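Hi everyone, thanks for coming. Let me put today's protein up on the screen, and then I'll walk you through it.

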Amino acid sequence: MKSRIEPQGLHYYDRKSGTHILLDEIKTRSSAYSLAPRTVSIAITDECDLTCSYCYVNLKDSFLSKEDIILYCKQLDRFGTFDIAFGGGEPTLHPDLIEICNTIWKETNLGISITTHGHHLNEDYILKLKDNLSFIRVSIDGIEPIYSQLRKRPLDNLLPKLKLLSGQIPFGINAVINKLTVNHLDDLKSLFLEYGGFELLLLPMWHKGKFVLTDNEWSTLNQWIENNHKEIPIRISSESKKYLKLPFLFDNDEWDNDYGFIGIDKTLRKNSFTKEGISIGQYDTFELLLTDWRNTVSVLN
Ligand code: SF4
């Protein structure tokens with residue numbers, strides 16, 4: 001198990017089972033807190049072959065190099081990150097994704113997850129990834145006709161791939177919540193249960209610097225989560241916190257170094273929506289970068 005020191009106590013993590021154990025009776029000193037964010041998402045490409053109606057990624061065809069990704073991951077591992085989440089764009093279009101996962105799994109103690117639209121998964125790909133990955137997140141916002149309307153591909157193309165994942169790699173479903181999807185979460189829950197998902201991650205839609213949900217839609221979402229969170233594991237983006245009355249879903253916010261995002265522009269930011277970040281290239285070492293990060297993270301929030 002990997003450990004890190006946080007204000008809440010000594011935190012342990014097992015990357016294969018996803019188990020977290022927090023020893024909160026242990027008093028920790030601020031000078032000993034782990035420098036790196038607990039989880040870091042890395043946008044490894046801004047290429048994608050879908051054209052989702054709400055996509056906020058500025059789609060081009062750039063890739064972070066294998067060498068940079070591996071270097072970032074090794075350094076983040078050294079300074080206390082528990083897990084890396086590869087996203088994009090569409091990460092399965094990165095030509096070195098399998099090799100990157102295999103190297104990081106062998107040479108670090110990091111957990112690894114991938115967020116994907118899922119259309120490129122096949123038996124061979126899953127076989128090559130399965131021993132070197134903690135989790136896959138597949139983006140499905142709703143069943144038909146919503147799925148096709150938003151993702152411009154039929155859901156029927158994707159469902160056999162979810163079946164292939166079953167029993168091979170634990171997977172979750174990520175769903176963008178907007179006015180089309182918020183009233184159809186029961187259908188999504190049925191699909192989630194039918195295919196044996198491990199976690200439903202709800203992502204209220206963000207556009208031009210703000211959430212798009214109306215007060216009524218937030219309250220529909222709030223109610224749905226309240227009614228269902230005991231039956232299925234639900235998570236929601238932490239930025240949604242102030243719009244929801246669901247304290248059981250969010251961590252204690254005393255500590256702000258739980259999440260970081262590395263963009264294709266090689267900046268470390270608080271999340272993918274934030275423009276401000278610190279450029280990785282301007283630092284000689286990750287220790288200096290992460291020290292600055294820890295000092296500025298609340299300002300960038
Ligand atoms: S799958 Fe993701 S990256 Fe690709 S178009 Fe859709 S939202 Fe954008």
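**The overall picture**

So, the protein has eight helices and 15 strands, where helices (H or I, at least four residues) and strands (E, at least two) are DSSP runs numbered from the N terminus. Its radius of gyration is 19 Å, close to the 19 Å from the globule rule for 301 residues, so the protein is as compact as a globular protein of that length. That radius is taken over C-alpha atoms, and the rule is 2.2 Å times the number of residues to the power 0.38.

Two housekeeping points. This is a predicted model, in which local features need pLDDT of at least 70 and side-chain atom pairs count only at pLDDT 80 or more, while totals for chains, interfaces and linings use all residues. Residues are numbered from 1 along each chain as its sequence is written.

Along its principal axes, the C-alpha trace spans about 50 × 40 × 35 Å.

Now, the inside. Buried residues make up 34% of the 301; buried means 20 or more other C-beta atoms within 10 Å of a residue's own, exposed means 12 or fewer, and partly exposed is in between, with C-beta atoms placed from the backbone. The largest nonpolar core has 55 residues, and Ile42, Ile84, Cys101, Ile104 and Ala175 touch the most other members. Such a core is a set of buried Ala, Val, Leu, Ile, Met, Phe, Trp, Tyr and Cys residues joined through C-beta atoms within 7 Å.

What does Ala175 touch, leaving out residues up to four places away in sequence? Its contacts include Ile140, Thr181, Leu188 and Leu203, a contact being two C-beta atoms, placed from the backbone, within 7 Å.

Three strands make an open sheet in the order 1-2-3, with antiparallel pairing. Strand 1 (2–6) and strand 3 (19–23) are the edges, each pairing on one side only; pairing takes at least two DSSP bridges between two strands. Strands 1 and 2 form a hairpin with two residues between them, and five bridges join these antiparallel strands. Here Arg4 stands opposite His11 in strand 2. Strand 2 (residues 9–14) also pairs with strand 3, over five bridges, and Tyr13 has His20 as its bridge partner there.

Last stop: is Lys242 buried or exposed? Lys242 is exposed, with 8 other C-beta atoms within 10 Å. You'll find Lys242 in the loop between strand 12 (234–236) and strand 13 (259–262).
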